[in-house]
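Reader: I'd like to walk through this model feature by feature. Could you give me the general idea each time, then the case here?

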Amino acid sequence: MKTPSIPLNTGAALPIFGLGTWQVKDDKELKTSLRTAIDAGYRLIDTAHIYKNEHIIGEVIHEYISTGRLKREEIFITSKLPLVAHAPEDVEKCVNGQLDALKLDYIDLYLIHCPCPCKHQEGSWIPLSDDKGKLVFDEKTTHIDTWRELEKLYYAGKLRALGVSRFSARQLEDLYDLADVKPANIQVECHIYWQQENLRRVCRKLGVTLTAFAPLGSPGRKSSRPDGNWPDGDPLLDPLVLQLAEKYQKSTAQVLIRFLTQNGNSVIPKSVNPRRIVENISSFDYELSEEDMHALEDKTRIKLFNLDFAIGHPLYADGEN
């Protein structure tokens with residue numbers, strides 16, 4: 001199944017639908033998911049340094065390309081810079097390691113994963129913590145410091161497009177104004193309970209695309225940090241979504257995906273269930289009515305993710321839309 005794309009300001013095409021891989025580290029499970037997804041028509045794979053699975057994704061992509069089942073230009077890879085590698089002296093070293101893990105000469109879209117740089121332990125990318133177990137903040141490195149290093153890698157052809165993740169609208173605008181290579185994409189929490197209205201307006205003004213992480217509400221999110229502060233909410237069980245799923249004879253996941261893509265957002269739902277992986281991509285053979293779109297737009301606002309571990313950082317802006 002061929003899915004639509006949305007244009008980036010670089011001229012490249014960002015697939016509007018892809019596979020998220022957060023929390024998937026098991027070798028066999030991820031390989032099965034990736035093969036199922038690619039065979040079903042997925043052409044966008046989203047990963048990050050912090051996910052610790054780029055090497056597994058690299059193996060599968062290399063397998064498909066080397067056997068002629070896929071051309072490099074047919075697959076779009078998004079990855080991200082960890083919060084511990086923002087310092088100018090760390091950026092290229094980290095990106096080169098990710099390229100090696102992915103077995104690629106370039107990454108299609110590369111994002112600053114978090115707006116709050118922190119320090120790492122000497123000789124590793126493990127975050128540095130104080131004696132109370134709190135992250136040690138890097139309060140000297142600014143967003144534009146990191147961005148300038150990414151721009152060098154963009155000009156070198158190692159990164160084909162640049163963007164950010166979890167930045168506020170204000171932070172995105174500030175960076176956009178200073179950047180030579182303008183941000184092409186922002187990846188943020190976006191679903192029926194947190195629709196990013198202001199950020200979407202800013203993105204339209206700047207010509208920046210938006211990718212929604214947790215488009216289904218990420219039911220397994222709490223397992224990533226069991227001691228974190230996690231608001232409750234499950235879009236998959238929302239009464240209106242259940243009603244619309246019955247009306248359109250679709251799954252609740254397909255309704256949530258279609259809502260976001262009809263609004264022009266790229267989405268990256270995660271699943272390791274082969275049936276659901278195929279089901280999720282089968283969300284483009286219908287449209288929600290204007291009335292139903294408006295009804296979903298009126299949902300109560302609940303932010304399901306937060307950056308509580310970075311509270312107190314001078315660049316902390318979580319919660320801003």
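**Reading the model**

Author: Let's start with a side chain: histidine 313 is buried, with a relative accessible area of 4%. Buried means under 20% relative accessible area, exposed over 50%, and partly exposed in between (1.4 Å probe, protein chains only). Keep in mind that this is a predicted model, where local features need pLDDT of at least 70, side-chain atom pairs count only at pLDDT 80 or more, and totals for chains, interfaces and linings use all residues. Residues are numbered from 1 along each chain as its sequence is written, and side-chain values use heavy atoms, with hydrogens and water left out.

Reader: Which residues is histidine 313 in contact with, leaving aside its neighbours within four places in sequence?

Author: Contact means heavy atoms within 4.5 Å. By that rule, histidine 313 is in contact with Cys116, Pro117, Phe137 and Asp138. Its side chain also reaches the backbone oxygen of proline 117 at 2.7 Å. As for where it sits, histidine 313 is found in the segment after helix H10 (290-297).

Reader: Now the strands. In what order do the eight strands of the open sheet come?

Author: Helices (H or I, at least four residues) and strands (E, at least two) are DSSP runs, numbered from the N terminus. Two strands pair if DSSP finds at least two bridges between them. Here the order is S3-S4-S5-S6-S7-S8-S9-S10, and the pairing is parallel. Strands S3 (19-20) and S10 (266-267) are the edges, each pairing on one side only. For a close-up, take strand S4 (residues 44-46), which pairs with S5 in the parallel sense over three bridges; isoleucine 45 stands opposite isoleucine 77 in S5.

Reader: How do I check a helix, say the 13 residues of H4?

Author: Compare spans: the expected one is 1.5 Å times one less than the number of residues. For helix H4 (residues 143-155) that gives 18 Å, and its end C-alpha atoms are 18 Å apart, which agrees.

Reader: Which elements do the buried residues of H4 pack against?

Author: The buried residues of H4 include Trp147, Leu150 and Leu153. The buried set packs against strand S5 (76-81), helix H3 (88-102), strand S6 (109-112), strand S7 (162-165) and helix H5 (169-178).

Reader: And at what angle does H4 run to S7?

Author: Axes are lines fitted to C-alpha atoms, for helices over the stretch in contact, and angles run from 0 to 180 degrees between N-to-C directions. H4 lies across S5, S6 and S7, running at about 145° to S7.

Terms used: A polar contact is a pair of N or O atoms within 3.5 Å; within protein, one must be able to donate a hydrogen and the other to accept it, and residues adjacent in sequence count only if both atoms are side-chain atoms.
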